[in-house]
Amino acid sequence: MDMVIQPAGRVQGEVKVPGDKSISHRAVMFGALADGVTQVRGFLPGADCLSTVDCFRKMGVEVEMLSETELRVKGAGLDGLQEPSDILDVGNSGTTARLMLGILAGQNFHSTVTGDASIRRRPMGRVTGPLREMGAVIDGREDGRLAPLSVRGGGLRGINYDSPVGSAQVKSAVLLAGLYAEGMTGVKEPEQSRDHTERMLRAFGVPVTEQDGYITVQGGSRLTAAEIEVPGDISSAAFLLVAAAILPGSDLIIRGVGINPTRTGIIDVLREMGAQIECLNERISGDEPIADLHVKAGELKGVTVRGNLIPRLIDEIPVLAVAATQAEGVTEIRDAKELKVKESNRIATTAAELRKFGAQVEELEDGLRITGRTKLQGGAVVETYHDHRIAMAMAVAALAADGAATIRDWESVDVSFPGFAQLVQNIR
Ligand SMILES: O=C(O)C1=C[C@@H](OP(=O)(O)O)[C@@H](O)[C@H](O)C1
Ligand SMILES: C=C(OP(=O)(O)O)C(=O)O
């Protein structure tokens, strides 16, 4: 479906964004493995998280949807999952695929995991490698590096894994397998990735410790059902933060957004660029810090973003590139090769689509160089490569353009932010 986005003078008002995708996935998965009934509020009813629900239902877990955002997961216990009689289809969701592979590695049954065309291109060797090292039998295309993947799990031994990438999906997959392994399992990463798994495992009563730089769990640790309050997703809020930062006269409040420090790179960088962002009513909700974000437009200037900041804003880089087109001078994003293995190659797709608005964007081996400030041109017909973040980033570019833009395959937005188009309409 095509979506036509009209320019907006500014954005204003008060809004809420849907629940955090990373936390919603984990609430369902950990609830499924727990003893007792887990209650989840603020769940993201996006396509990716619904894929997680579907996969765990196929393994016999009862998930009751009390409303779109509230669900009850009847835990099967650590060893209660059943062999699925059909393929586990994760749709477009890398998080479902990789975290679930960690769980499947611990099961004494056979399973097959696949997903859409994008998932079948994304690297799975980063999880199947360490899971095989732990003892899981995994096969698939390219010697088990690409889905479809078949898993025969069980009989795992704990390892200390030095991950070559700062990836929460890798860390989580290994730690989840570690719950089923003999002894201790640890993961060390080159840059710290989001820590929702560690926080939520603790909320489910599993000790997660740090030993010699390894984040560690003890095999056999049982999970006890918990009540999970999912905060608003800062990765979704990012589209609104950038819209408000670049549209002069904007003044927007986004209520109840997760501000876990492993996720707030976008706030740090937008502030450094010159946007005004305040965190109001900072509080702890369950296991995660949250706040209301008050953002106002500013005169933006270019910045360099690299190193350990990258995992703290990895999913926000396409929309950060849009902000950079409206900043004076050069913005460089480096050390971000990981962008190439997301739903699309986000270095290539961000550059190609932003150029359609007249932006000056150079693709780098490990990132992007954007030179501002450019008055973005209307009339673009944007391809989205079925990548929700590209669709929404380009919608934000359209808000700042001098005419309407058409965004192709808009339905991908439902992966993480159902209702985005309506919400943007309401804050004009
Ligand atoms: O663990 C998670 O929930 C996620 C981790 C990140 O991926 P990587 O682990 O591949 O960096 C992120 O890009 C993804 O949207 C969600
Ligand atoms: C990369 C993303 O998700 P996943 O890896 O779960 O597909 C994303 O949401 O931007």
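Begin by selecting R122, which counts as partly exposed because it has 18 C-beta neighbours inside 10 Å; a residue is called buried when 20 or more other C-beta atoms lie within 10 Å of its own, exposed when there are 12 or fewer, and partly exposed in between, with C-beta atoms placed from the backbone. This is a predicted model, in which local features need pLDDT of at least 70 and side-chain atom pairs count only at pLDDT 80 or more, while totals for chains, interfaces and linings use all residues. Residues are numbered from 1 along each chain as its sequence is written, and chains are lettered from A and ligands numbered from 1 in the order in which they are written.

R122 sits in the loop between β7 (110-114) and α4 (125-134), where helices (H or I, at least four residues) and strands (E, at least two) are DSSP runs numbered from the N terminus. Leaving aside neighbours within four places in sequence, R122 is in contact with G94 and V341, contact meaning that the C-beta atoms, placed from the backbone, lie within 7 Å.

Next, select K21, which lies in helix α1 (residues 21-33) and is buried, with 24 other C-beta atoms within 10 Å. Not counting residues up to four places away in sequence, K21 touches L44, G46, D48, C49, D233, S235 and S416.

Then colour domain 1 (3-19 + 231-426) and domain 2 (21-229) separately, their bounds coming from an automatic or database domain assignment. Their centres, taken over C-alpha atoms, are 28 Å apart, and the contact takes 25 residues from domain 1 and 27 residues from domain 2.

Definitions and conventions:
Two residues are in contact if their C-beta atoms, placed from the backbone, lie within 7 Å.
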